[in-house]
Amino acid sequence: MAEEKFEQLLDDLRTKKIDHFEITPENFQEFQPIFHAYAYRSQIEGKAQRGGKITYQLRER
């Protein structure tokens, strides 16, 4: 179920329905394999924040 949620977040980000989303340290292990399998991951970048959160957004061209 979480896999579908993460894929939807990635799709929403790529299609600009959202401008960013955050992954918490608790969700990272579950999110990472989905992100690495995502076909458009090269268009998305993650920036680490304090406390272990990672904010994902589209790469600027």
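Contact here means heavy atoms within 4.5 Å. The structure is a predicted model, in which local features need pLDDT of at least 70 and side-chain atom pairs count only at pLDDT 80 or more, while totals for chains, interfaces and linings use all residues. Residues are numbered from 1 along each chain as its sequence is written, and side-chain values use heavy atoms, with hydrogens and water left out.

Phe-35 belongs to helix H2 (residues 25-37), where helices (H or I, at least four residues) and strands (E, at least two) are DSSP runs numbered from the N terminus. With a relative accessible area of 12%, Phe-35 is buried, a term that means under 20% relative accessible area, with exposed over 50% and partly exposed in between (1.4 Å probe, protein chains only). Leaving aside neighbours within four places in sequence, Phe-35 is in contact with Leu-10, Arg-41, Ile-44 and Tyr-56.

Asp-12 lies in helix H1 (residues 2-14) and, not counting residues up to four places away in sequence, touches Lys-17 and Ile-18.

Confidence is expressed as pLDDT, the predictor's confidence in each residue, from 0 to 100; the protein averages 94, and 98% of the residues score at least 70.

The C-alpha trace spans about 30 × 25 × 20 Å along its principal axes, and 23% of the 61 residues count as buried.
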